[in-house]
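Reader: I have a new model open and would like to go through it with you. Could you help me read it?

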Amino acid sequence: MNKSIQKGLRILLFLSIGIIIIWWLYRDINPDELLRIMKHDVGYGWIVLSLILGLLSHISRTIRWQMLIEPVDKRPGVINTFLAVMIGYLANLAIPRMGEISRCGVLSKYEKVSFSRLVGTVVTERVLDLIMLLLALALMISVQYNVFVDFVNNKMDISGIVNFFSSWWFGLIVLFAAGSIIVFRQNILNSQMYFKLKGLWLKFKEGLFSYKNVKNKPLFFIHTLLIFVLYFLMIYVCFFGFPFTRDLGPGAGLAVFVLGSFGMVAPVQGGIGPYHFMVISTLLFFGVGAPQAAAFALLVHGSLNGMIIITGLLSLVAIPLVNKNE
């Protein structure tokens, strides 16, 4: 089968899974109740503030990306870099993970910067984002430790997992895997899969340490932290726009932000489905009713992605106009 067809089918599959998750989450929710909540229970000024914070996070990401590019090539213009970032976000809504390549292609075209070097800087960005997300997860667990333990003890049945890892079956599987690696070690080292994994690891390692070439490291790390602080505030300020989340506090906001972010990582356009599942499940745990949690997830996700669509389309129109004299 043609690779393009395979890729298209894979994208369609993940999108279908996301739509099925949305249907499953909202199948028992009364549409009239959702409309009533959105008409009468939402302070839309807080949603607008959330969008402004989201836009500021994209500006901060733009500056950080400029700082990463400067040591490996020339520092690109801030306007072109920002427009490329927003076009990348728009591309991600069409095809998951396409945004990283798209923004590199756009910036390479208009700033005459090496495409391959730009891709290397994006690897660095993704490594940093992963580290920050894991740190946010650790902070969430520490801040909400009692809630987290209660959730694990009372809401999750992990006895089956514990029994499996303590069983002789698991020990047998480990011994078989270790023996296979020893016996077929040379075949593994010469396999195409090994070289692909080794290449991925080398790119990861290169991206992880390439920040050392950044000229202003304190400012670079301030922007790295600021991006995630703005991401958190972008979600938390929405709490004040709904009467049923207004009193939950920043700890609950942190939980919704972190777990919702893991939903956005799923290879589905705009995190459709997985994001809603994570946010609704988290709000239900904090005592929010099902229709209210569903309305929160739907409105917050829709408004943030709506901003990306509008700014992304405007960026597509603007970037050739900004560079018409080049």
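Here are some questions and answers on this predicted model.

Reader: Happy to begin! What should I know about the numbering and the confidence limits?

Author: Residues are numbered from 1 along each chain as its sequence is written, and side-chain values use heavy atoms, with hydrogens and water left out. This is a predicted model, where totals for chains, interfaces and linings use all residues, side-chain atom pairs count only at pLDDT 80 or more, and local features need pLDDT of at least 70.

Reader: How many helices and strands does the secondary structure come to?

Author: Helices (H or I, at least four residues) and strands (E, at least two) are DSSP runs, numbered from the N terminus. By that count the protein has 15 helices and zero strands.

Reader: What percentage of the 326 residues is buried?

Author: Let me give the classes: buried is under 20% relative accessible area, exposed is over 50%, and partly exposed lies in between (1.4 Å probe, protein chains only). Of the 326 residues in the protein, the buried share is 39%.

Reader: And how much of the contacts with a separation of 6 or more comes from residues 24 or more positions apart?

Author: A contact means heavy atoms within 4.5 Å. Among the contacts in the protein with a separation of 6 or more, residues 24 or more positions apart account for 72%.

Reader: Now the largest pocket: which element gives the most to its lining?

Author: A pocket is an open set of points on a 1 Å grid over the protein atoms alone, where a 1.4 Å probe fits, with protein on both sides within 12 Å along at least five of seven lines; lining residues have an atom within 4 Å of a point. The largest one holds about 1100 Å³ of space, the volume being that filled by probe spheres set on the points, which are joined across faces, edges and corners. Its lining has 36 residues, and the closest to its centre are Y89, Y231, S261, M264 and V265. Six residues of the lining come from the element that gives the most, α13.

Reader: How do the lining residues divide into nonpolar, polar and charged?

Author: Ala, Val, Leu, Ile, Met, Phe, Trp, Tyr, Cys and Pro count as nonpolar, Asp, Glu, Lys and Arg as charged, and the others, Gly among them, as polar. For the largest pocket, the lining divides into 20 nonpolar, ten polar and six charged.

Reader: What kind of aromatic pair do F228 and F257 make?

Author: Rings of Phe, Tyr and Trp (its six-membered ring) pair if their centres lie within 6.5 Å, with planes under 30 degrees apart counted as stacked, over 60 as edge-to-face and the rest as tilted. The structure holds twelve such pairs. The ring centres of F228 and F257 are 6.4 Å apart and their planes are at 70°, so this pair is edge-to-face.

Reader: Which helices does that pair tie together?

Author: Both F228 and F257 are buried. They are 29 residues apart in sequence, and the pair ties together parts lying in helices α12 and α13.

Reader: What about F242 and F244: what kind of pair are they?

Author: F242 is buried, and so is F244. Both belong to one aromatic cluster, whose members include W46, Y231 and F296. With ring centres 5.2 Å apart and planes at 45°, the F242 and F244 pair is tilted.

Reader: Is K112 buried or exposed?

Author: K112 lies in the loop between α5 and α6. Its phi is near 55°, a positive value in a residue other than glycine. Most residues other than glycine have a negative phi. At 63% relative accessibility, K112 counts as exposed.

Reader: How far apart are the C-alpha atoms of L34 and L299?

Author: L34 sits in helix α2 (residues 31–40) and is buried, with a relative accessible area of 11%. Leaving aside neighbours within four places in sequence, its contacts include P291, A294 and A295. Although L34 and L299 are 265 residues apart along the chain, their C-alpha atoms are separated by 9.9 Å.

Reader: Finally, which residues is S57 in contact with, leaving aside its neighbours within four places in sequence?

Author: S57 has its place in helix α3. This serine is buried, with a relative accessible area of 0%. Beyond those sequence neighbours, S57 is in contact with I227, L230 and Y231.
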